[in-house]
Amino acid sequence: MTERRTITILGATGSVGGSTLDLIERNAADYQVLALTAHRDVDGLAAAARRVGAERAVIGDESLLPGLRAALQGTAIRAEGGEDAILDAAAAGADWTMAAIVGCAGLRPTMAALRGGRTVALANKESLVSAGALMTDAAQASGATLLPVDSEHNAIFQCFDADRPAGVRRIILTASGGPFRTRSRDEMRSMTPAQAVAHPNWSMGAKISVDSATLMNKGLELIEAYHLFPLDAEGFDVVIHPQSVIHSLVEYVDGSVLAQLGAPDMRIPIAYALAWPRRMETPCERLDLVRIGSLGFEAPDLERFPALALAKAALREGGAAPAILNAANEIAVAAFLEGSIGFLDIASISAETLRCCTPQPPASIEEVLDIDREARAVAAGVKRRYLR
Ligand code: NAD
Ligand code: MG
C-alpha cells in the first residue's frame with residue numbers, strides 16, 4: 001500500500017471546504033486528514049472531523065473551544081481553539097493544504113502553510129489580492145507549490161503553457177455576470193442580500209456570492225490572475241459569459257485560444273488541485289454541449305458595475321491599493337449582508353476608502369495586515385454615512 005497523503009483544510013466548514021471534504025471522503029483510503037479548521041461553526045467542524053477521522057479540529061473563536069471538546073468527546077480527535085492554533089495547524093506540514101478561509105483573515109494561515117514548502121491549493125483569493133508578490137515570493141522561497149482553485153485560475157492553469165510563457169498574448173477571464181447581469185442601476189439600488197446571493201450558476205459562500213453580484217469578484221480575480229501568471233496588467237481581459245461553461249481562456253501569439261470547460265461545480269477545480277499532476281475521478285455532472293445548445297458572450301459594463309473598474313484601477317496602481325480595496329469591500333459586503341447599507345453602496349464605500357487611504361506599498365506581511373486594519377477602520381467610518 002502506498003502511503004496516504006496528509007491533508008489539512010483551512011476553512012473546512014465553508015462551501016469550498018465542504019466540496020474538498022466530499023472528494024476526500026469518496027477517496028478516504030488515499031488521504032489522512034491532519035487538521036480541519038473553522039471560525040465559529042462548532043457542529044459543522046466536529047461532524048466533518050468525525051467523518052474523516054481528522055487528527056485535530058481547530059475552532060478560531062477560542063470561546064467556543066469547550067463546545068468543540070464536548071462535541072468531540074469519545075473520539076481521539078484533538079480539539080484546539082484560537083487564531084494561534086489555526087496558524088499552528090497550518091504550519092504543521094501537511095503534504096497538501098486547502099486554503100479556503102474567506103477574506104484577508106486567511107492571510108496568515110495561508111502564509112503559514114506556504115512557508116512549510118509543501119502543496120497549497122489556494123481558494124482564498126483575498127489573501128493573494130492583499131499580499132500579492134509577498135505571497136508568491138514566499139512560496140518560491142520555501143519551494144511550496146501554489147495551485148489555483150478559483151475556477152477561472154484553475155482553468156488558466158490548465159491551459160497556460162508555463163514552459164513557454166512568451167507564447168501567451170492574453171488571458172481572458174470569464175464572468176457569469178451574476179444575478180444582476182441584466183439589471184439597471186436603479187433596479188440594483190433596492191436589491192436585497194437574498195437576491196444578491198442567489199447566484200444563477202454556482203452555489204457559494206455569502207461573501208463571494210455578493211462579490212459576484214457586484215462583479216468585485218471578477219475584479220479581485222483579475223488581481224489574483226496577475227499574481228499567478230506572468231503577464232503585465234494589460235494582458236488580462238474579462239468577458240461576460242452567462243452560462244459559466246467556459247471557465248477562462250488563454251490566447252497565444254499565433255491566434256490559438258485554449259479554454260477549459262466543465263460543469264459549474266467547484267469539485268472539478270478542487271479535484272484538479274488534489275490529484276495534480278495526475279487526474280482523479282469526480283462524481284460531477286458531465287458537460288452536455290448539445291443540451292446547453294449555445295454559449296453567449298458580452299462585454300462587461302463598467303458603469304453598471306463600478307466595482308470591476310475600481311479593481312482594474314487598483315491593479316494598475318499596485319502598491320497598497322489592492323489590499324485597501326479588498327479590506328473596504330469586506331467591510332461593505334458584511335454591512336450589506338447585515339442589511340445596514342444598500343447594494344450600490346458597496347462599490348461607493350470601496351471607492352471612497354481607496355481615495356482616503358494612501359499608505360506606502362507593503363514590504364512585509366505585517367505591513368499588509370497594518371494596511372488591512374487601517375483600511376477597515378477608514379471604511380467603517382465611510383460606511384457610517386451610508387447607514388440606512
Ligand atoms: P464560506 O463563507 O462558505 O466559508 C468560509 C470558511 O472560512 C468557513 O470554514 C469559516 O469557518 C472560515 N472562516 C471565516 N472567517 C474566518 C476567520 N476569521 N478565521 C478563520 N476562519 C474563518 O466561503 P467559501 O465560499 O467557501 O469561500 C472561501 C474562499 O474561497 C473565499 O476566499 C472565496 O473567495 C474563495 N472561492 C470560493 C468559491 C466557491 O465556490 N465558494 C469559488 C472560488 C473561490
Ligand atoms: Mg472564480
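## Ligand site

Helix α1 gives the largest share of the shell around ligand 1, with 3 residues. The model is predicted. In total, 27 residues surround ligand 1, and the closest are Gly11, Gly14, Ala105, Met204 and Gly205. Two or more shell residues come from each of α1 (15-26), α6 (125-131) and α11 (206-214). Sorted by class, the shell has 13 nonpolar, 9 polar and 5 charged residues.

Ligand 1 lies between domain 1 (5-149) and domain 2 (153-264 + 296-309), because both domains give residues to the shell around it.

## Domains and their contact

The domain assignment divides the protein into domain 1 (5-149), domain 2 (153-264 + 296-309) and domain 3 (318-388). Between the C-alpha centres of domain 1 and domain 2 the distance is 26 Å.

Contact between these two domains involves 13 residues of domain 1 and 13 residues of domain 2. On the domain 1 side, α6 and α7 (133-142) each supply at least two residues. The largest share of that side, 4 residues, comes from α6. By class, the domain 1 side has 6 nonpolar, 5 polar and 2 charged residues. Helix α6 is also one of the elements that give two or more residues to the shell around ligand 1.

In soluble globular proteins, nonpolar side chains tend to be buried together. The largest nonpolar core here has 121 residues, of which Leu45, Ala57, Ala311 and Ile324 touch the most other members. Helix α16 (residues 321-338) gives the most to this core, 11 residues.

Leaving aside residues up to four places away in sequence, Ala311 touches Met216, Gly219, Leu220, Leu222, Ile223 and Leu325.

## Annotated span 146-229

An unreviewed UniProt entry places the feature "domain: 1-deoxy-D-xylulose 5-phosphate reductoisomerase C-terminal" at residues 146-229. This span is 48% helix and 13% strand, and its end C-alpha atoms lie 12 Å apart.

Leu147 lies in strand β7 (residues 145-148). Leu147 has 23 C-beta neighbours inside 10 Å and therefore counts as buried. Beyond the residues up to four places away in sequence, Leu147 touches Thr119, Ala121, Leu122, Ala273 and Trp276. Leu147 and Leu228 are 81 residues apart in sequence, while their C-alpha atoms are 9.2 Å apart in space.

## Loop residue Val197

Val197 sits in the loop between α10 (193-196) and α11. With 19 other C-beta atoms within 10 Å, Val197 is partly exposed, since a buried residue needs 20 or more. Not counting residues up to four places away in sequence, Val197 touches Ala206, Ser209 and Val210. Helix α11 (206-214) is also among the elements that give two or more residues to the shell around ligand 1.

Val197 and Arg291 are 94 residues apart in sequence and 26 Å apart in space, C-alpha to C-alpha.

## Annotated span 261-377

A further UniProt annotation, "domain: DXP reductoisomerase C-terminal", also from an unreviewed entry, covers residues 261-377. The end C-alpha atoms of this span lie 41 Å apart, and its content is 58% helix and 1% strand.

Key
Residues are numbered from 1 along each chain as its sequence is written. Chains are lettered from A and ligands numbered from 1 in the order in which they are written. This is a predicted model: local features need pLDDT of at least 70, side-chain atom pairs count only at pLDDT 80 or more; totals for chains, interfaces and linings use all residues. A residue is near a molecule or strand if its C-beta atom, placed from the backbone, lies within 6 Å of it. Ala, Val, Leu, Ile, Met, Phe, Trp, Tyr, Cys and Pro count as nonpolar, Asp, Glu, Lys and Arg as charged, and the others, Gly among them, as polar. Domain bounds come from an automatic or database domain assignment. Two residues are in contact if their C-beta atoms, placed from the backbone, lie within 7 Å. A nonpolar core is a set of buried Ala, Val, Leu, Ile, Met, Phe, Trp, Tyr and Cys residues joined through C-beta atoms within 7 Å. A residue is buried if 20 or more other C-beta atoms lie within 10 Å of its own, exposed if 12 or fewer, and partly exposed in between; C-beta atoms are placed from the backbone. UniProt positions are given in the numbering used here, feature names are shortened, and annotations may be inferred rather than shown by experiment.
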